[in-house]
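Hi,

Here is the structure I said I'd pass along. Have a look, and then read my notes below.

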Amino acid sequence: MIYLKLFWEFFNTGLFAVGGGMATLPFLYDIADRTGWFTHHQLADMIAVSESTPGPIGINMATYSGYLTSGLSGSVVATLGLITPSIIVILLIAAFLTAFHDNKYVNGAFYGLRPASCAMITAAGLVVSKVTFFAGDFPSGFSVKSVALAAVLLVFTHLIRRTEKFHPVIWIAFSAVVGILFKY
Amino acid sequence: MKILIDLFITFAKMGAVTFGGGYAMLPILQREIVENKKWGTEEELADYYAIGQCTPGVIAVNVATFIGRKTAGNLGGIVATLGVVFPSVVIITLLAGVIEYYSSLEWVKHAFAGIRVCVCVLIFNAVIKLFSKAIIDRKTLAIYLIVLACSVFLNVSPVVFVIAAGLAGIILKVRTK
């Protein structure tokens with residue numbers, strides 16, 4: 001009953017991941033740890049693919065992880081699982097739109113949810129960083145080449161005004177070329 | 001029936017041309033939905049985004065559900081949402097097959113090792129952007145640090161953090177008023 005399990009896992013993700021695509025990341029790591037459907041390495045690749053293809057990132061990640069788990073039907077089931085809670089919640093909210101907007105309890109909940117979501121994405125980022133900068137072997141596998149590339153990318157995306165707003169797909173392509181040329 | 005087909009095709013087109021998630025979709029929504037199809041106004045779009053940001057799920061999906069429902073009822077909401085995810089499912093499934101097939105090649109491995117570094121930087125940048133909006137005082141900073149420490153050191157489902165942080169937010173915000 002892999003399909004039921006897939007649907008359930010992504011239904012959960014869709015229900016609790018608040019605040020856009022990257023917010024699904026901590027849930028995907030949790031799924032990877034518990035089910036072994038995909039590895040941390042594959043998840044990192046998945047983020048790169050999602051960032052460089054059209055469509056909402058959360059959906060892309062669900063489709064890709066569903067595919068890794070059980071092929072085409074897996075990707076359809078995972079995506080449907082992810083969007084089902086959204087559809088239900090939004091159809092309910094649409095009926096009470098203004099009341100929801102100015103409710104002090106709703107506002108209070110999001111006051112607490114936003115920093116929590118940010119913290120969980122930070123933690124997910126640390127997991128990817130460990131795989132990346134230590135080549136899976138902590139701490140002996142430390143990779144100077146990876147840190148150098150990260151430093152270059154940080155300079156381009158933060159300090160140089162002309163390149164700051166470039167689309168992520170450009171940096172992904174750039175990093176792929178660097179990776180091939182310098183045998184990362 | 002005609003309106004449902006129109007909804008599906010319009011949202012599928014938008015799903016196919018938007019790179020980079022919900023926010024990148026806003027200008028395209030403004031052109032297609034407000035100016036071309038007249039299914040909604042600028043103000044409604046802004047409201048949908050605000051709500052989409054603080055409800056579970058992907059923002060683009062939330063906005064599609066809202067506009068579809070407004071245009072053709074609950075069924076319209078479902079059809080518009082299926083439309084917006086349709087291109088992703090097709091494109092990613094095709095790519096995933098190709099990537100899995102080539103991933104044993106030496107140069108592809110090098111490429112992905114480089115790309116993984118880029119992914120770290122992209123996540124870091126996303127965190128910085130979110131941090132400036134989410135951490136606005138000492139209490140939100142405390143929530144951030146506690147959840148970060150717990151996610152790194154404890155093996156707890158993220159669902160627990162979401163529920164706990166939501167409750168903490170209600171208690172902190174509503175009580176102090």
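**What I found at the interface**

Chain A and chain B bury about 7,700 Å² between them, 80% of it from carbon and sulfur atoms (buried area is the accessible area, 1.4 Å probe, that two parts lose on being put together, summed over both). Of the area that chain A buries against chain B, A:Pro54, A:Ile90 and A:Tyr111 supply 10%, more than any other three residues. Contact (heavy atoms within 4.5 Å) involves 92 residues from chain A and 86 residues from chain B.

Before you go on: this is a predicted model, where local features need pLDDT of at least 70 and side-chain atom pairs count only at pLDDT 80 or more, while totals for chains, interfaces and linings use all residues. Residues are numbered from 1 along each chain as its sequence is written, chains are lettered from A and ligands numbered from 1 in the order written, and side-chain values use heavy atoms, leaving out hydrogens and water.

The two chains share 1 salt bridge (a side-chain nitrogen of Lys or Arg within 4 Å of a carboxyl oxygen of Asp or Glu). A:Asp45 and B:Arg116 form it, at 3.3 Å from N to O.

B:Ile143 counts as buried because its relative accessibility is 9%, and buried means under 20% relative accessible area (1.4 Å probe, protein chains only). Leaving aside residues up to four places away in sequence, B:Ile143 touches A:Gly112, A:Pro115, A:Ala116, B:Ala165 and B:Leu172.

Cheers

Notes. Buried < 20%, exposed > 50% of the residue type's maximum accessible area, 1.4 Å probe, protein only.
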